[in-house]
Amino acid sequence: MTATLEIYESNESANNDLCRKPKTDAPKKILSPNKLQWLFNRPGSRPRVDAAVEKLPPHIKEAVQLSYGRHFTYPRISEKLGISKGTVGRYLRQARVILYD
């Protein structure tokens with residue numbers, strides 16, 4: 001019985017190690033959706049925003065242009081690009097991380 005208990009305990013600690021989230025140095029800085037929308041709509045900043053968006057990967061750039069430039073909803077972007085709504089959200093979040101700099 002003792003051997004079985006020791007095996008269980010060692011498996012328990014191994015499972016706990018697998019469930020831990022990796023430690024990161026610092027959280028990623030990200031633009032809020034409202035701030036990015038404000039930048040898109042602000043007349044003086046539009047050329048800089050367009051230049052920054054042009055540098056994004058094509059799939060992310062298209063999602064950003066549809067969302068912030070043409071005010072498409074996630075379902076509408078999803079339908080237009082042939083991707084899931086979750087992927088739309090991921091692309092837009094990636095864009096906000098990249099554009100923060």
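Is Ala52 buried, exposed or partly exposed? Select Ala52 to begin: at 31% relative accessibility, this residue counts as partly exposed. Buried means under 20% relative accessible area, exposed means over 50%, and partly exposed lies in between, with a 1.4 Å probe and protein chains only.

Before moving on, know what you are looking at. This is a predicted model, in which local features need pLDDT of at least 70, side-chain atom pairs count only at pLDDT 80 or more, and totals for chains, interfaces and linings use all residues. Residues are numbered from 1 along each chain as its sequence is written, and side-chain values use heavy atoms, with hydrogens and water left out.

**Stop 1: the whole chain**

Show the cartoon. The protein has six helices and zero strands. Along the sequence the pattern reads α-α-α-α-α-α. Helices (H or I, at least four residues) and strands (E, at least two) are DSSP runs, numbered from the N terminus. Of the 101 residues, 27% count as buried.

Now think about contacts, meaning heavy atoms within 4.5 Å. Take the contacts between residues at least 6 apart in sequence: 56% of them join residues at least 24 apart.

**Stop 2: helix α6**

Select residues 85-100, which form α6. How far apart are the end C-alpha atoms of α6? They are 23 Å apart, which agrees with the 22 Å that its 16 residues should span at 1.5 Å a residue. The expected span is 1.5 Å times one less than the number of residues.

Colour the buried residues of α6: Thr87, Val88, Gly89, Tyr91, Leu92, Ala95, Arg96, Val97 and Leu99. They pack against α2, α3, α4 and α5.

**Stop 3: Leu99**

Stay in α6 and pick Leu99. Leu99 counts as buried because its relative accessibility is 16%. Which residues does Leu99 touch, not counting residues up to four places away in sequence? They are Leu31, Leu36, Ala52, Val53 and Leu56.

Draw two distances, C-alpha to C-alpha. Ala52, back in helix α3, is 47 residues from Leu99 in sequence and 6.9 Å from it in space. Ile30 is 69 residues from Leu99 in sequence and 7.8 Å away in space.

**Stop 4: the largest pocket**

Rolling a probe the size of a water molecule over the atoms shows where empty space is left. The largest pocket has a volume of about 350 Å³. Of its 14 lining residues, the closest to the centre are Leu39, Arg48, Val49, Ala52 and Leu99.

Here is the rule. On a 1 Å grid over the protein atoms alone, a pocket is an open set of points with protein on both sides within 12 Å along at least five of seven lines, while a cavity is a set where a 1.4 Å probe fits but cannot get out; lining residues have an atom within 4 Å of a point. Grid points are joined across faces, edges and corners, and the volume is the space filled by probe spheres set on the points.

Select α2 (33-41), α3 (46-54) and α6: each supplies at least two residues of the lining. Which helix gives the most to the lining? It is α3, with four residues. Colour the lining by class: 10 nonpolar, one polar and three charged residues. Ala, Val, Leu, Ile, Met, Phe, Trp, Tyr, Cys and Pro count as nonpolar, Asp, Glu, Lys and Arg as charged, and the others, Gly among them, as polar.

**Stop 5**

Select α4, residues 58-69. Its buried residues are Ile60, Ala63, Val64, Leu66, Ser67 and Tyr68. These pack against α2, α3, α5 and α6.

Next, show rings. Rings of Phe, Tyr and Trp (its six-membered ring) pair if their centres lie within 6.5 Å; planes under 30 degrees apart are stacked, over 60 edge-to-face, and the rest tilted. The count comes to one aromatic pair. Phe40 and Tyr68 are stacked, 5.9 Å centre to centre with 25 degrees between the planes. Phe40 lies in α2 and Tyr68 in α4, so the pair ties together parts 28 residues apart in sequence. Phe40 is buried at 4% relative accessible area, and Tyr68 is buried at 6%.

**Stop 6**

Move to the loop between α4 and α5 and pick His71. Most residues other than glycine have a negative phi. His71 has a positive phi of about 60 degrees, although it is not a glycine.

Finish at Ser78 in helix α5, residues 74-81. Ser78 is buried, with a relative accessible area of 11%. Leaving aside neighbours within four places in sequence, Ser78 is in contact with Ile83, Ser84, Lys85 and Val88.
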